[in-house]
Amino acid sequence: MGKYKVPAMFWDDHCERMPCDGDPEEAMAREISRSGNRVLIEGTEKQIECLRSDAKFYCDRWGPDECPPGLKRSAAATVKALG
């Protein structure tokens, strides 16, 4: 299990959409704490990869057209935070 501080904006969007296949309990990392615009999360390698993959899609120039610029920046910051 790894712990990461990620931007709250993208984390909240990710949780709302639940983009991972399979059992949500198994696929989603969990929020440990929140401070300002950052969220401390904990997850398995598989859970973190699910979040990283989703964030990469959103910050890619070929990602969703309707994605607001702030969410794109938050997705890029999430990718950076996850390494």
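Contact means that heavy atoms lie within 4.5 Å of each other. With that idea in hand, let us walk through this protein together.

## The model and its parts

This is a predicted model, in which local features need pLDDT of at least 70 and side-chain atom pairs count only at pLDDT 80 or more, while totals for chains, interfaces and linings use all residues. Residues are numbered from 1 along each chain as its sequence is written, and side-chain values use heavy atoms, with hydrogens and water left out.

The term pLDDT stands for the predictor's confidence in each residue, from 0 to 100. Here the protein averages 88, and 88% of the residues score at least 70. Where is confidence lowest, and where is it highest? Helix 2 (residues 24-27) has the lowest confidence, with a mean of 68, and strand 3 has the highest, at 96. Keep one reading tip in mind: where pLDDT is low, the predicted coordinates should not be read in detail.

You can find 4 helices and 3 strands in the protein. Both are DSSP runs numbered from the N terminus: helices are H or I with at least four residues, and strands are E with at least two. Starting at the N terminus, the elements follow the order β-α-α-β-β-α-α.

Some residues are hidden and others are open to the surroundings. Buried means under 20% relative accessible area, exposed means over 50%, and partly exposed is in between (1.4 Å probe, protein chains only). Of the 83 residues in the protein, 40% are buried. Among contacts with a separation of 6 or more, 54% are between residues 24 or more positions apart.

Helix 1 covers residues 8-17, and its buried residues are Ala8, Phe10, Trp11, Asp13 and His14. What covers these buried residues? The cover includes strand 1 (2-7), strand 2 (30-35), strand 3 (38-43), helix 3 (45-59) and helix 4 (69-82).

Angles under 35 degrees count as roughly parallel, over 145 as roughly antiparallel, 65 to 115 as roughly perpendicular and the rest as oblique.

Take helix 3 to begin with. Its axis and that of helix 1 come within 11 Å and cross at roughly 105 degrees, so the two helices are roughly perpendicular to each other. On the helix 1 side, Phe10, Trp11, Asp13, His14 and Arg17 take part, and they meet Cys50, Leu51, Asp54, Ala55 and Tyr58 of helix 3. By type, the residues of this contact are 6 nonpolar, 1 polar and 3 charged. Here Ala, Val, Leu, Ile, Met, Phe, Trp, Tyr, Cys and Pro count as nonpolar, Asp, Glu, Lys and Arg as charged, and the others, Gly among them, as polar.

Now helix 4. The axes of helix 1 and helix 4 come within 8 Å and cross at roughly 95 degrees, so helix 1 is roughly perpendicular to helix 4. Met9, Phe10 and Asp13 of helix 1 make this contact with Gly70, Leu71, Ser74, Ala75 and Thr78 of helix 4. These residues divide into 4 nonpolar, 3 polar and 1 charged.

## A few residues up close

| Pair | Apart in sequence | C-alpha to C-alpha |
|---|---|---|
| Ser74 and Trp11 | 63 residues | 8.7 Å |
| Gly36 and Pro7 | 29 residues | 9.3 Å |
| Met1 and Gly43 | 42 residues | 5.2 Å |
| Leu51 and Leu82 | 31 residues | 8.8 Å |

Leaving out residues up to four places away in sequence, Leu51 touches Phe10, Trp11, His14, Ile41, Thr78 and Leu82.

Ser74 sits in helix 4 and is buried as well, at 7% relative accessibility. Apart from neighbours within four places in sequence, Ser74 is in contact with Pro7, Met9 and Phe10.

Gly36, in the loop between strand 2 and strand 3, is exposed at 73%. Met1 lies in the segment before strand 1 and is exposed too, at 72%. Beyond neighbours within four places in sequence, Met1 contacts Glu42, Gly43 and Thr44.

Definitions and conventions:
Axes are lines fitted to C-alpha atoms, for helices over the stretch in contact, and angles run from 0 to 180 degrees between N-to-C directions.
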